Amino acid sequence: MPVATLLPFTATPNRKSASPTSFRLTEKFILLLVFSAFITLCFGAIFFLPDSSKLLSGVFFHSSAVETNTHTGPDSSDAGSAGNDDRLLAKIKKDHEKALLEAKDTLQKLPDVIQNDILADKAKVTKESMGKGAKDGNNLPFIEYHRPPGATGLEPQDPETRERRAKIKEMMKHAWDSYKQYAWGSNELRPVSKHGHSSNLFGSIKGATIVDALDTLYIMEMFEEFDAATDWVEKSLDFNVNAEVSVFEVNIRFVGGLLSAYYLSGKEVFRRKAVELGEKLLPAFKTPTGIPWALLNLKSGIGRNWPWASGGSSILAEYGTLHLEFMHLSRLSGNSEFAQKVMNIRKVLNRLEKPQGLYPNYLNPNSGQWGQHHVSVGGLGDSFYEYLLKAWLMSDKTDEEGKKMYYDALQAIETNLMRKSTNGLTYIAEWKGGLLEHKMGHLTCFAGGMIALGADGAPGDKTGHQMEQAAEIARTCHESYARTTLKLGPEAFRFDGGVEAIATRQNEKYFILRPEVIETYMYMWRFTHDPKYREWGWEAVQALEQHCRVDGGYSGIRDVYASSPNYDDVQQSFYLAETLKYLYLLFSEDDHLPFEHWVFNTEAHPLPVIRKDKTDRPNEVE
C-alpha cells in the first residue's frame, strides 16, 4: 500500500504546495498561537479552578462516579450536575476518613502482624488475579498450599532416645557433607575413591542424591543444607536430556522426592519440576494395553523393556509403583491424564486370571498376557503390593478397589508363599511355576512394615493375626542380620539345606545400605512401642558406623560374613532417602510424620493423605 494512502495528510512529492485554500506562513503562525493559548487555558482550569480534584480523579483514576457523570447525555440539566458533584464530594470525604482510620489502626499493630497482613493480602490478590481454573506462567493451576501436620517433630522426651536420634542426624550430615564435597551434582558418591558415581538407571539426569535427600534434610531440620539443595534444583536440575531412563527409578526417586519436598516446604520450584518430569514420563504408556515400558528415552519418547525380562515383559514392581506419585501429579497439575494412566493399569490387571490369586512378576504390554509365572514379594514384585495398600490409605480410605486388591493379594501370599522354618522363623518364599524357592530377599523384609500398616483395616477379625505375622517377619529379618559376622543383613537368605536365615551363595552376601529391615522396625515401633525394635535399630546404627562409615561417606559391603569389610565404594542415594530417614523416625515421637496424615512412597518420600472432605476444593492440598 502507498504511503500516501496510509498518511493522507502528509505532503507527497506529487502534491502541489499552492492552492486556493492554502494558508500563508503568517496566518499559520497566528493560528498556532491561538491554539497554544487555548490549551494553556484548559490546563489552568484543571489545576486552579475550585473542585478541580474531582476532574483530576476522573481523568487519572477513572472514578466510577465521574464516569457516571460524564456519561450523561447533552441534555443533562445543571441541577442534576450539581447533585452529582455533591454526592462525589461526600464520597471523597468518606473515603478520606476511612483511609485515615485504616492508617491509624495499622500503625497500632505490631510489625509481625502488619507483615502477616501484607502477605495475606498479597496471596489474596494473587489468587484473584489467577481466576477460577487459571494457570500461572508455568501452566500450573493455582494451589492454596497448606503444610500437613508433622513435617517436623518435637524432641524425644527420653534422654537416651534424644541422644541416639542426634547421632543419626550426625550420620546424615556426614553422608551429605561427603557427597557435597566430593560428588556435588553427580547422582551418587564413591566414598572410598572420593568422586562421583552415576548409574545408567537415570540416563544423563543428574543429582539423584540431592533430590532423594531433600525431604530427609527438611525432616531433620537441616535447613541450610536444604536451601543449598533447593538452589541446585532450581538452577541445575535438567530433564531435557537425550537419554534412556528407568521409568520406575526416576519416578520413585525424582518425582517422589520433588513431590515430597513441595509438600513439606511449599516451594513452587518442586511442584513445577515434578510436573515437568511427570509429563516427560507419559509417553512410556504408549503401548497397546497402556502398561508402561520399563525404559524411556526422555527426548524421543520411545520406550522398551529390559531385554532380560520374560518375552519383552513389563515388570510388576515397576508398572505397579506409579500410583501414589501420579495421583498427586494430577492433583498438583490439574491434568487428569496422570491418574487415568495408573487407573488403567488396574483395569488391565483385573481382567486377567491370577494363578492361585497371585500376580506374576511379568506382563507383556503388547498382548496384555502374563509372562513367566514367577511370583515374588521381594525384587520384581514388592512395591506393587505396597502401593495397593497405600493407595487406599492415601485416598483417605475411599479407594475401595485398591483396598480389595491388596487384601485379596495378601491372602494369596499367606496361603501360597508364607512358610515357617523348622525352628519357627516365618518367611516369604518365591513361587516359580507352582514350585517354591525357599529364599527370602532383603527387599522382602519391607513386608513386615506393610502388613502392620494394613492390619487395622484387615477384613473380619484378622487385625491381630496380621500384626502377629508382621512381628514374625520382623524377627526373621533381624535374625538375618544377627547371624552375620558384621551384623548387617545379606541381599538374600535361605531356608533349605539345613540353614535358616543365612545366605549360602556368594552373590547374595552383599549389603548395599538397604533400608527395608529398618523400615519394618520403624512401623513396628509406631504400632506396638515394643522397645526391642528401637534396640534392633540401634544395633544396625552401630554396625553401619563400625563397618560402613569411611572418611568420604558410607559404603556398601561385598560380604557381610567376612571378618572385615570389603567396600563396594558406592553411597546409594536411597541410604539418605530411606535408611537414615527411617532410623531417625524410629527414634522420633509419633507426631513426626504421623501415619494419619502421611503415606510414604517406596523410596520413603512422604506424601500427604488426600482428604475426602476437601473434594469441594480441588485445587487445595491438605
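Contact here means that heavy atoms lie within 4.5 Å. Keep that handy for the exercises below, and remember that you're looking at a predicted model.

**Exercise 1. Get to know Thr602**

Work out where Thr602 sits in the chain, whether Thr602 is buried or exposed, and which residues Thr602 is in contact with.

*Solution.* 

Step 1: Start with the record. UniProt, in an unreviewed entry, lists Thr602 under "binding site".

Step 2: Find the spot. Look between strands β17 (598–600) and β18 (606–608), and you'll see Thr602 in the loop that joins them.

Step 3: Check the accessibility. Buried means under 20% relative accessible area. Thr602 comes in at 16%, so Thr602 counts as buried.

Step 4: Look for partners. Skip the neighbours within four places in sequence, and the contacts of Thr602 are Ile252, Thr321, Ser383, Glu386, Tyr387 and Glu578.

Step 5: Zoom in on one of them, Glu386. Its side chain and the side chain of Thr602 make a polar contact at 2.9 Å.

**Exercise 2. Track down the disulfide**

Find how many disulfides the model has, which cysteines form a disulfide, and what the handedness is.

*Solution.* 

Step 1: A disulfide is a covalent bond between the sulfur atoms of two cysteines.

Step 2: Apply the cut-off. Two cysteine sulfur atoms within 2.5 Å make a disulfide, and the count comes to 1.

Step 3: Name the pair. Cys445 and Cys477 have their sulfur atoms 2.0 Å apart.

Step 4: See what gets linked. The pair joins distant parts of the chain, 32 residues apart: Cys445 is in the loop between β13 (439–441) and α17 (447–455), while Cys477 belongs to helix α18 (residues 463–482).

Step 5: Check burial. Cys445 counts as buried because its relative accessibility is 1%, and Cys477 counts as buried at 2%.

**Exercise 3. Visit Trp184**

Say where Trp184 lies, how accessible Trp184 is, and which residues Trp184 touches.

*Solution.* 

Step 1: Go to the loop between helix α7 (159–183) and strand β1 (188–190), and there's Trp184.

Step 2: Its relative accessibility is 31%, so Trp184 counts as partly exposed.

Step 3: Leave out residues up to four places away in sequence, and Trp184 touches Trp176, Tyr179, Ile210, Ala228, Ala229 and Trp232.

Step 4: Pick out Ala229. Along the chain, Trp184 and Ala229 are 45 residues apart, and their C-alpha atoms are separated by 9.9 Å.

Methods:
Residues are numbered from 1 along each chain as its sequence is written. This is a predicted model: local features need pLDDT of at least 70, side-chain atom pairs count only at pLDDT 80 or more; totals for chains, interfaces and linings use all residues. Side-chain values use heavy atoms; hydrogens and water are left out. UniProt positions are given in the numbering used here, feature names are shortened, and annotations may be inferred rather than shown by experiment. Helices (H or I, at least four residues) and strands (E, at least two) are DSSP runs, numbered from the N terminus. Buried means under 20% relative accessible area, exposed over 50%, partly exposed in between (1.4 Å probe, protein chains only). A polar contact is a pair of N or O atoms within 3.5 Å; within protein, one must be able to donate a hydrogen and the other to accept it, and residues adjacent in sequence count only if both atoms are side-chain atoms.
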